[in-house]
Amino acid sequence: MENITAFTGDDPESQVRKNETMNSYFGVILYQIHVGVSGNSARTHIREYGKNIVVDNEDFNDDVADVVDELSDSLQDAEIHTTSDLMQSLTDENETVEALGDTFDTYMRNARNSESVDKFIRNIKQNVKYYHDLNEDGGLIGSLRYNEISEDWLKELQKYMRDLNQLSKELFSKYGDEIR
């Protein structure tokens, strides 16, 4: 709770934290616009942002500061007069918006998972099931076919699977170390 009171003061540090939070909030809203979150879903996301991130958000603000600055600069340089212009600018900055979204999603997932061990384990179990199903379906989801995927994308997927494999080995060892 001390972090919330840090937002309410008039001291310079409090002002800096308020500004950082407004900047990260700006980025989250742009991310939600980009991915098409609206209505009740948008309200729910913003409530979760307030509940799970704003309460203790120095790390989040630090992690997204550069991305939000880059996005802000890009949008200021663009000529945005309509919603369509904004949507096009966000599409042009897709990698930046995705980086912001990935960080946001990670913080939200971590906040939700920290609520209980059961939720944490259930989340891991769902991820394992996802990769199991992906493997059972030949490595692709939905109607995707290998002839639709470039060699570069396959190499990128292979890199992610290598990273996932390495991380799972490290986590397996960590959990094993805690059992002993």
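Trainee: How many helices and strands are there in the protein chain?
Mentor: The protein chain has 8 helices and 0 strands, where helices (H or I, at least four residues) and strands (E, at least two) are DSSP runs numbered from the N terminus. This is a predicted model, in which local features need pLDDT of at least 70 and side-chain atom pairs count only at pLDDT 80 or more, while totals for chains, interfaces and linings use all residues. Residues are numbered from 1 along each chain as its sequence is written, and side-chain values use heavy atoms, with hydrogens and water left out.

Trainee: What box do the C-alpha atoms fill?
Mentor: Taken along the principal axes, the C-alpha atoms of the protein chain fill a box of roughly 55 × 50 × 30 Å.

Trainee: And how many of the residues count as buried?
Mentor: Of the 180 residues of the protein chain, 24% count as buried, and buried means under 20% relative accessible area, with exposed over 50% and partly exposed in between (1.4 Å probe, protein chains only).

Trainee: Which residues touch the most other members in the largest nonpolar core?
Mentor: Those are Phe 60, Leu 90 and Phe 104, in a core of 17 residues; a nonpolar core is a set of buried Ala, Val, Leu, Ile, Met, Phe, Trp, Tyr and Cys residues joined through side-chain atoms within 4.5 Å.

Trainee: Which helix gives the largest share of this core?
Mentor: The largest share, 6 residues, comes from α4, although α2, α4, α5 (83-92) and α6 (94-113) each supply at least two residues. In soluble globular proteins, nonpolar side chains tend to be buried together.

Trainee: What does Phe 104 touch?
Mentor: Leaving aside residues up to four places away in sequence, Phe 104 touches Val 28, Tyr 31, Tyr 49, Ile 53 and Phe 60, where contact means heavy atoms within 4.5 Å.

Trainee: Back to the helices: at what angle do α2 and α4 pack?
Mentor: Helix α2 (residues 12-35) and helix α4 (residues 58-77) pack at an angle of about 65°, with their axes 8 Å apart. The contact is made by residues including Phe 26 and Val 28 of α2 and Phe 60 and Val 64 of α4.

Trainee: Is Asn 123 buried or exposed?
Mentor: Asn 123 is buried, with a relative accessible area of 18%, and this residue lies in helix α7 (residues 117-136). Not counting residues up to four places away in sequence, Asn 123 touches Arg 109 and Asn 113.

Note on methods:
Axes fitted to C-alpha atoms, helices over the stretch in contact; angles between N-to-C directions.
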